[in-house]
Amino acid sequence: MTHDGTGLLTIGALARATGLSVRTIRYWSDEGALPPVARSAGGYRLYDAGSVARLELVRTLRELGLGLDDVRRVLTGETTVAQVAAAHVAALDARIRSLKVTRAVLSTVARRGSTAEETTLMNRLARLSAAERARILDDFMTEIFRGLDTADPDIRQRLRFAAADLPDDPTPEQVDAWVELVELIQDPEFRTVMRRMIEFNAADRGPDVPGGSSLWFMSRLIRSAGEALRDGVEPGTPRAAAVLRDLIGDADPAVVLKRLAAVADPRLNRYRELSAVVNGWDRPSAHTERFGWVVAALEARAAG
């Protein structure tokens, strides 16, 4: 329906032409997204054919989730559809990440049967900013390495790298693992275990020992124990003593056993498992059977 043969459309005619309600068009018009081109003698809003195209653009942008402020800026030429779309994509990405965090927290709460207090803590940990997450990791590393300048630098590098931050687009499993990892590295008992392991390393390491030697030794120990298990070598036998002699030389087996106990602590293995999930790595092996063989062989040698 036109008004007085002018070719201009009343708001009712515009509604019928576009399939939108009069109420919606009036609201968008009041908000400045669809100003009328003229007013009738009675003060009613009138629109032209260009208003129909403008209204279709407003509807499209609104259906894509843009607010009326952004719609007005596009229509007035302050910005482009592409620029607004890019900003909106960034906002949607942030919202998606937030929803993933929410899902991960709720999944963990359901699995653990968490209390209200635990739920609040998990939610807070999961929503820490990148700077806050980095501060927690730095505090952890500072405490366990403080004053231990002779510790193998490769251990420091590997521990810091293992406790890397969440990726930009984490999975629910990564968020879940991160929450548990933060709980773990803030646990005073776990920090004591880590500190003890590094103290042993610093005490055993001379000034001329190259970096990475302690990690090389652990790899060699695991490999030798695996070969002994494969060959059916029983702890406490002369063959087992020969394997140990090749590994530790004349070192006191009781001292080595004490240091190995620190490295084989199950909480350290959990730290490695959680770090692998957060970083998207393959889950590491605990080498439980191999460590068990070495411990049994050391105990037998110490007793003898």
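Tutor: What follows is a set of questions on helix faces and helix pairs in a predicted model.

Student: Which residues of helix α2 are buried?

Tutor: Helix α2 spans residues 22-30. The buried residues are I25, W28 and S29.

Student: Why do I25, W28 and S29 count as being on the same side of α2?

Tutor: An α-helix has 3.6 residues a turn, so residues three or four places apart point the same way. For the buried residues of α2, I25, W28 and S29, the directions around the axis can be compared. They lie on the same side of α2 because the arc they cover is only 100°.

Student: Against which elements do the buried residues of α2 pack?

Tutor: The buried residues in question are I25, W28 and S29. Their partners are three helices and a strand: α1 (11-18), β3 (45-47), α3 (49-63) and α4 (68-75).

Student: Which residue with a positive phi follows α2?

Tutor: Helix α2 covers residues 22-30. The residue in question comes after the helix and has a phi near 90°. It is G32.

Student: How are α1 and α2 oriented to each other?

Tutor: Their axes come within 9 Å, and the crossing is right-handed. The axes cross at roughly 115°. The two helices are therefore roughly perpendicular.

Student: Which residues of α2 meet α1, and what classes of residue make up the contact?

Tutor: From α1, the contact takes in I11, G12, L14, A15 and T18. Across from them in α2 are V22, I25 and R26; I25 is also one of the buried residues of α2. By class, the α1 and α2 contact has five nonpolar, two polar and one charged residues.

Student: Is L46 buried or exposed?

Tutor: L46 is found in strand β3, one of the elements that the buried residues of α2 pack against. Its relative accessible area is 4%, and the cut-off for burial is under 20%. L46 is therefore buried.

Student: How many charged residues are in the contact of α5 with α9?

Tutor: Helix α5 (residues 81-112) packs against helix α9 (residues 172-185) at about 65°, with the axes 8 Å apart. That angle makes α5 roughly perpendicular to α9, and the crossing is right-handed. V101, R103, A104, T108, R111 and R112 of α5 meet P172, V175, D176, E180 and E183 of α9. By class there are four nonpolar residues, one polar residue and, as charged ones, six.

Student: What is the make-up of the contact of α12 with α15?

Tutor: The axes of α12 (residues 238-248) and α15 (residues 288-303) come within 10 Å and cross at roughly 100°, so the two helices are roughly perpendicular. A240, A241, V243, L244, R245 and I248 of α12 are in contact with W293, A297, L298 and R301 of α15. By class, this contact has eight nonpolar, no polar and two charged residues.

Student: Which residues of α12 are exposed on the side away from the buried ones?

Tutor: The buried residues of α12 are A240, V243, L244, L247 and I248. They cover an arc of only 105°, which puts them on the same side of α12. On the other side, the exposed residues are P238, R239 and D246.

Notes
Residues are numbered from 1 along each chain as its sequence is written. This is a predicted model: local features need pLDDT of at least 70, side-chain atom pairs count only at pLDDT 80 or more; totals for chains, interfaces and linings use all residues. Side-chain values use heavy atoms; hydrogens and water are left out. Buried means under 20% relative accessible area, exposed over 50%, partly exposed in between (1.4 Å probe, protein chains only). Helices (H or I, at least four residues) and strands (E, at least two) are DSSP runs, numbered from the N terminus. The arc is that of the directions from the helix axis to the C-beta atoms. Contact means heavy atoms within 4.5 Å. Axes are lines fitted to C-alpha atoms, for helices over the stretch in contact, and angles run from 0 to 180 degrees between N-to-C directions. Angles under 35 degrees count as roughly parallel, over 145 as roughly antiparallel, 65 to 115 as roughly perpendicular and the rest as oblique. A crossing is left-handed if the near helix is turned anticlockwise from the far one by less than a right angle, and right-handed if clockwise. Ala, Val, Leu, Ile, Met, Phe, Trp, Tyr, Cys and Pro count as nonpolar, Asp, Glu, Lys and Arg as charged, and the others, Gly among them, as polar.
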